[in-house]
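Have the structure open while you read.

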Amino acid sequence: MSEFTEDPYAPELGSFEDLPQNELAGNDEDTVNKTGTTTVGIAVDDGVVIATDMRASLGGRFVSNKNVQKVEQIHPTAALTLVGSVGGAQSFIRTLRSEVDLYEARRGEDISIDALATLAGNFARGGPFRAIHPILGGVDDEGSHVYSIDPAGGVMADDYTVTGSGMQLAYGVLEGSYEEGLSMDEASTLAARAVYAATERDTGSGNGVYLALVTDDGVDITGYDDFDDVL
Amino acid sequence: MQGQNQQQAYDRGITIFSPDGRLYQVEYAREAVKRGTASVGVRTADGVVLAADRHARSPLLERDSIEKIHKADDHVGIASAGHVADARKLIDLARRQAQVEQLRYGQQIGVESLTKEVTDYIQEYTQTGGARPFGVALLVGGIEDGEPRLFETDPSGTPYEWQAVAIGGDREEIQSFLEEEYTPEMDLESGVELALEALGSVSDDGLDASGVDIATVDVESEQFTSLTEDDVAERVDEFDLEGEDDE
């Protein structure tokens, strides 16, 4: 008889121990799809805007996919970006979605964004989701939230945050133009501009932009091949 | 041995239904709860009150060692009726589960979630060979999202939510009293009074302050607070619940 239905640090369904230990040899690393990536999250009063580029690459030296959606809905009012290893990030998203659904089914209410960030940090810290650095953006009763979740499980909230290989370029744009009290439209344009700057100079980022708009009403994700449509 | 007794053996194994669909061991566990002294829970507009009869069988017994009301987490208290040893096991489960919620989600556990963790655990003991059910009922009271909540667990592992409820000895009588006197609008202090009166309603010699344990969790502080014996004595006196003849 189990005293606890769950390990506090592990996904409830499927344990870390059961997952294959996929230790890669040095030269295999070159064949792992990485997002390279620039992902931007901005929290404003009316919601959260997340912008991501569309390139997957092998070590930033070869473009392995030009049409990647790197932001996914994981909660009725939250989305997560894929940054780092594509496999790790996809598995991370599947796991968090199942946790969010179980939580809601059992308790009759959605998990708060803060609790979801804590849970995601626990998984990133203890689990097999190696080499990921996603942004979690969501809206709940407490307001709009943006978190970065680092590969060691560090969870940091901010008004705006950037992760991925184009991080410094995107931050340069945000530091110059971010101000408090932006509207959703203004934040969308700013986030797209930040990603655009990164795609111009970072070899791991490029090929267009996905925008996720997260509000009380839900998550709306749209892809744009051409930056002119959003700038 | 096997052949003859087979017919009456439905109450021997916990996992065996009787032909009319009853689990006798679970029903016997409910009897064990009735043999315990009563505990009362009252949900008021601004908090939850837990009260327990803990009269001692000997004046030499240290009262504080009779454990009937426990703090599960800052914002949740648990009162028991029945086997104290069984209760302790469940209360420790509740305490740890409250911390699991902090570790996993970084938040306080809800009273409903906590109750269901406990009842799911109790249920396993009604379906597992070689085990016996828990001979205890619990009242789980606390604050969740700013609202007072009060739940009961029973030996079958079924959770119930209540406005006011009694468990343990004289349950029916105390419950009738609560049904007569309870109003949802009452404040915390009135809730304490009602809980004391309810416990006193089944005692011929009135209430002895040292034989009653009371704790509250109010909406404002969201903190479990145990009343001292002096506090209880003051209220027993104020509400005129003392017996005519002193023992």
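This is a predicted model: local features need pLDDT of at least 70, side-chain atom pairs count only at pLDDT 80 or more; totals for chains, interfaces and linings use all residues.

## Strands, helices and a contact

Three bridges link strand S6 (residues 147-153) of chain B to S7(B), and the two run antiparallel. One bridge pair to look for is Glu152(B) with its partner Tyr160(B) in S7(B).

Zooming out, these strands belong to an open sheet of five strands in chain B, ordered S3-S4-S5-S6-S7, with antiparallel pairing. Strand S3 (69-73) and strand S7 (159-161) of chain B are the edge strands, and each pairs on one side only. On average, neighbouring strands of this sheet are turned by 25 degrees against each other, direction ignored.

Chain A has an open sheet of five strands as well, and here the order reads S10-S1-S2-S11-S12, again with antiparallel pairing. Strand S10 (160-163) and strand S12 (218-224) of chain A sit at the edges with a single partner strand each, so one side of each has no neighbour in the sheet.

Inside the chain A sheet, strand S2 (residues 47-53) and strand S11 (residues 209-215) of chain A pair in the antiparallel sense over six bridges. Val48(A) has Val214(A) in S11(A) as its bridge partner.

Two helices of chain A go with this sheet. Helix H3 (residues 167-177) of chain A packs on the sheet and touches strand S1 (39-44) and S10 of chain A. Helix H4 (residues 184-201) of chain A lies across S1, S2, S10 and S11 of chain A. Here are the angles:

| Pair | Angle |
|---|---|
| H3(A) and S10(A) | about 160 degrees |
| H4(A) and S2(A) | about 20 degrees |
| H3(A) and H4(A) | about 145 degrees |

The two helices also pack on each other, with their axes 7 Å apart, and the crossing of H3(A) and H4(A) is right-handed. On the H3(A) side, the contact is made by Leu169(A), Ala170(A), Gly172(A), Val173(A), Leu174(A) and Ser177(A). H4(A) brings Leu190(A), Arg193(A), Ala194(A), Val195(A), Ala197(A), Ala198(A) and Arg201(A). By class, that contact of H3(A) with H4(A) comes to nine nonpolar, two polar and two charged residues.

As for chain A overall, there are four helices and 12 strands. Of its 231 residues, 48% are buried. Looking at contacts in chain A between residues at least 6 apart in sequence, 69% join residues at least 24 apart.

Now for the place where the chains meet. The contact takes 12 residues from chain B and 11 residues from chain A. On the side of chain B that touches chain A, helix H3 (84-105) and helix H4 (111-124) of chain B each supply at least two residues. H3(B) gives the most to that side, with five residues. By class, the side of chain B that touches chain A has five nonpolar, five polar and two charged residues.

One last stop is Thr119(B), which lies in helix H4 of chain B. Is Thr119(B) buried or exposed? Thr119(B) has 21 other C-beta atoms within 10 Å, and the cut-off for buried is 20 or more, so Thr119(B) counts as buried. Leaving aside its neighbours within four places in sequence, Thr119(B) is in contact with Thr153(B), Gly157(B), Thr158(B) and Pro159(B). Thr119(B) and Ala98(B) are 21 residues apart in sequence and 14 Å apart in space, C-alpha to C-alpha.

Technical notes
Residues are numbered from 1 along each chain as its sequence is written. Chains are lettered from A and ligands numbered from 1 in the order in which they are written. Two residues are in contact if their C-beta atoms, placed from the backbone, lie within 7 Å. Ala, Val, Leu, Ile, Met, Phe, Trp, Tyr, Cys and Pro count as nonpolar, Asp, Glu, Lys and Arg as charged, and the others, Gly among them, as polar. Two strands pair if DSSP finds at least two bridges between them. Axes are lines fitted to C-alpha atoms, for helices over the stretch in contact, and angles run from 0 to 180 degrees between N-to-C directions. A crossing is left-handed if the near helix is turned anticlockwise from the far one by less than a right angle, and right-handed if clockwise. A residue is buried if 20 or more other C-beta atoms lie within 10 Å of its own, exposed if 12 or fewer, and partly exposed in between; C-beta atoms are placed from the backbone.
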